[in-house]
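Student: I have a structure open and would like to go through a few residues. Can you take my questions one at a time?
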Amino acid sequence: DISMWLNEKGVVCFDADIDMKKGKKFPTIKKFNGVIDGCGHKLYNWNAKCGLIRNLESKGVVKNLTIDNTCLLTVKTAMNDEVELVYFFVGVNRGQIINCVNKGTIEHYGEEAYKQIYIGSIAALNYNIVHKCKNSGNISSRFSFTKHAKGMSLRQGGLVGTCYGKSLSGATITCCENTGNVSFMGDYPNNNIGGIVGEASKLTVKSCINRGSVVAVGMPITTPKVRGYCRVGGISGWSNNDILCCDNFGAVSVSGAHEAWVAGIIARPNSTMNIVGCNNYGKITGNVSLSSYVGGIFAFSIINPYLCNCANYGAVTNENTKSPGWAGGIGAVLQSRKGLTRGGVLRDCVNYAPIVN
């Protein structure tokens, strides 16, 4: 019940910064369909086990609120059948998150799971609008299994974990910035990790900047016939929709025992999407024992993306010596799948950096 917090307009307005140390067991707001206006104020001293709002509904708005660098979110994933959402602001966003800032640290860890894990400071799972938001907190995930279940995946981003499945019309991440470090270490088998969003899916990403490092270390998988994949990008690990006017300045790398798909902007473009006006300035490195694809803008695509006015300024290095590896200033591998009417397009794209393969 949040009725006691509403003003005469039915809006939750912050009149001051709030010391969350006073509420050690603050419960998650399970559903919210109104407006929370932080009015430029912050939450601080929050040692959290769960985030602020589990479900932000279609008319819901969270804006002008900061989570301070004195805050820490610690989440341990247990063995259960539920999707794990790890977030500070919103778990599932069907509304709007505007001008919100996270400076807090997120630490996720676990040993067993059956389902997907979504991690993002602003929203774990986004179906609508995230606009003018920033993250400067470090976001880490550490996982170690004894037995791997089929279909498990982790989607981890500096601001948004994923937009998995069908999104609302006009779903976007726009004018957002990440300066925190995003890292994964473990033997979780299927990982999409990005400085802005882990997996964009049906979500457009526009005018976003990543300045933090994005690092994945894939540990050996002991379960027979299960192979590990790390798709890691400065902006996104995987996407089915457009990425426009985005820049990456952070170092992006994958090492260890997973197959590596690593790139400055998007590791795996998975549709006839547009990648336009994007630049990479960060160092891109793959050093794994399985196959590796390392590219300045994208790593690997077989579904014919359209790239225009993209440039790479960061060194591209594939240090893999045990398995096949590919490296390119713009992309590592661009193939055409049988039955498609046109091939991928690279137009006015330039590489200025050294490539080592």
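Student: Is N304 buried or exposed?
Tutor: N304 is buried: its relative accessibility is 1%, and the cut-off for buried is under 20%. Keep in mind that this is a predicted model.
Student: Where is N304 found?
Tutor: N304 is in a loop, the one between β42 (298-301) and β43 (306-308).
Student: What about phi of N304?
Tutor: Phi is near 60° for N304, a positive value in a residue other than glycine.
Student: Why point that out?
Tutor: Because most residues other than glycine have a negative phi.
Student: And what is phi of N309 near?
Tutor: Phi of N309 is near 55°, which is again positive in a residue other than glycine. N309 sits in the loop between β43 and β44 (311-312).
Student: How accessible is N309?
Tutor: N309 has a relative accessible area of 44%, so it is partly exposed.
Student: New topic: the surface. Which residues make the nonpolar surface patch?
Tutor: F249, Y281, Y313, V350 and Y352 make the patch, and its area is about 480 Å².
Student: Take Y352, then. Where is that one found?
Tutor: Y352 is in the loop between β49 (350-351) and β50 (355-356). Its relative accessibility is 54%, so Y352 counts as exposed, the cut-off being over 50%.
Student: Now T77. What strand is T77 in?
Tutor: T77 lies in strand β10, which covers residues 72-77. T77 is buried, with a relative accessible area of 4%.
Student: What does the side chain of T77 make a polar contact with?
Tutor: With the side chain of E84, at 3.2 Å.
Student: Which other residues does T77 touch, leaving out those up to four places away in sequence?
Tutor: Besides E84, T77 touches H108, Y109, G110, E111, E112, A113, I117 and F143.
Student: What is V90 in contact with, aside from neighbours within four places in sequence?
Tutor: The contacts of V90 are I53, L56, I97, I122, A123 and A124.
Student: And how far apart are V90 and F32?
Tutor: In sequence, V90 and F32 are 58 residues apart. In space, they are 10.0 Å apart, C-alpha to C-alpha.

Conventions:
Residues numbered from 1 in each chain as written. Predicted model: local features only at pLDDT ≥ 70, side-chain atom pairs only at ≥ 80, totals over all residues. Heavy atoms only, no water. Helix = DSSP H or I, 4+ residues; strand = E, 2+ residues; numbered from the N terminus. Buried < 20%, exposed > 50% of the residue type's maximum accessible area, 1.4 Å probe, protein only. Polar contact = N/O pair within 3.5 Å; in protein donor to acceptor, adjacent residues only side chain to side chain. Contact = heavy atoms within 4.5 Å. Patch = residues over 30% accessible without salt bridge, like charges linked within 9 Å, V, L, I, M, F, W, Y side chains within 5 Å. Areas by Shrake-Rupley, 256 points an atom, 1.4 Å probe, with all protein chains shown as cover. Salt bridge = Lys/Arg side-chain N within 4 Å of Asp/Glu carboxyl O.
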